[in-house]
Amino acid sequence: MRVLVTGSSGQIGTNLALRLQRDGHEVFGVDKRVNPWTDEFRYLLQDLTFPGGLGNDYPPVDVVVHLAAHAKVHELVREPRRALENTIMTFNVLEYCRANELPLVFSSTREVYGDVHRFEEYGEATADFAFTESPYSASKIASEALIYSYARCYGLRYLVFRFSNVYGRYDNDLSRMVRVVPLFIHRLLHDEPITVYGGGEKTLDFTYIDDCVDGLTRGVEALAAHSVVNETINLAYGQGNTIVRAAELIAGELGIDPQVVFTPALLGEVTHYIADIRKAHDLLGWQPQVPLDEGIPRAVEWFRAHPEHAADFVGDWVPQEADFKVVTY
């Protein structure tokens, strides 16, 4: 196949592009930033938020994978216009798909389920815009709604994947995208304390990058083959781990006694999520292979072997009083 990947310079985009090429597919990427990790696939520098969206100078493709987004939850709380830009990017990609009659794979997030602790396992049908927690989650559920409308109005074929705390290879560019696992590795390597927002019971579903990309690859191939069409699917490990346990695993791998600081949850944060992944298994034959206690050693090993991209990171954003969540449910 010929696959167009937006957001191809990000962690998931880079891993996906390289995996697709290894599987014999042709990849063309689009991103507004230079890829800091590899030049093994072709890509074009372009800001997808501009009017007109995607251009006509791309090579012919068979399927589009739309990963590009502003994905820093706290950044979008402070600058909600970026949430609007996420929706504009999705609209531009949808118009490109409509004009060229192309199927679309879209990257959504577990953030669309909100943080009201309604479920133990979050199935795909339980997302509700009424529980939107942040401008970021609103941008993703709005983008999903646009996709569903294009399917009904214009016959778009799509798959929507909802990711959860993807970690591993190509995630150490901390000045660009601060994720909890590489941030903790960085801070512990520098003998600095780590902060857990939301308390010691904050529980999330961590997904190792190879599991995420395997699910995505299966989805791309199934959508192109018309075997799985117009579905929304969770991609996660399907097991909850506290942030504290993730920190302890990292510290154990580094041989360090961690200094952990607990503070209240921040605005826009989800503090409890465990995915229901049965649909991914039933539709795609997908099953995650890497639990957190196996993935963390791999992530630490890769991070220590590639310190250059974290070198310019100078520290955390320091939240102010207005940035903390007032829990009312």
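Arg 82 has its place in helix α3, which covers residues 81-100, in a model that is predicted. Arg 82 is buried, because its relative accessible area is 17% and buried means under 20%. Two helix pairs are then described, since two packed helices are described by the angle between their axes and the distance between the axes.

**Surroundings of Arg 82**
- When residues up to four places away in sequence are not counted, Arg 82 touches His 70, Glu 75 and Leu 76.

**Helices α1 and α6**
- Helix α1 (residues 11-22) and helix α6 (residues 209-224) have axes that come within 10 Å and cross at roughly 60 degrees, and that makes α1 oblique to α6.
- Where α1 passes α6, the crossing is right-handed.
- On the side of α1 the contact is made by Gln 11, Ile 12, Asn 15, Leu 16, Arg 19 and Leu 20, and on the side of α6 by Ile 209, Cys 212, Val 213, Asp 214, Leu 216 and Thr 217.
- Sorted by class, this contact of α1 with α6 has seven nonpolar, three polar and two charged residues.

**Helices α5 and α9**
- The axes of helix α5 (residues 180-189) and helix α9 (residues 292-305) come within 10 Å, crossing at roughly 60 degrees, and α5 and α9 are therefore oblique to each other.
- The crossing that α5 and α9 form is right-handed.
- Helix α5 makes the contact through Val 181, Pro 182, Ile 185, His 186 and Leu 189, while α9 contributes Ile 296, Ala 299, Val 300, Phe 303 and Arg 304.
- By class, eight nonpolar residues, one polar residue and one charged residue make up the contact of α5 with α9.

Technical notes. Residues are numbered from 1 along each chain as its sequence is written. This is a predicted model: local features need pLDDT of at least 70, side-chain atom pairs count only at pLDDT 80 or more; totals for chains, interfaces and linings use all residues. Side-chain values use heavy atoms; hydrogens and water are left out. Axes are lines fitted to C-alpha atoms, for helices over the stretch in contact, and angles run from 0 to 180 degrees between N-to-C directions. Helices (H or I, at least four residues) and strands (E, at least two) are DSSP runs, numbered from the N terminus. Angles under 35 degrees count as roughly parallel, over 145 as roughly antiparallel, 65 to 115 as roughly perpendicular and the rest as oblique. A crossing is left-handed if the near helix is turned anticlockwise from the far one by less than a right angle, and right-handed if clockwise. Contact means heavy atoms within 4.5 Å. Ala, Val, Leu, Ile, Met, Phe, Trp, Tyr, Cys and Pro count as nonpolar, Asp, Glu, Lys and Arg as charged, and the others, Gly among them, as polar. Buried means under 20% relative accessible area, exposed over 50%, partly exposed in between (1.4 Å probe, protein chains only).
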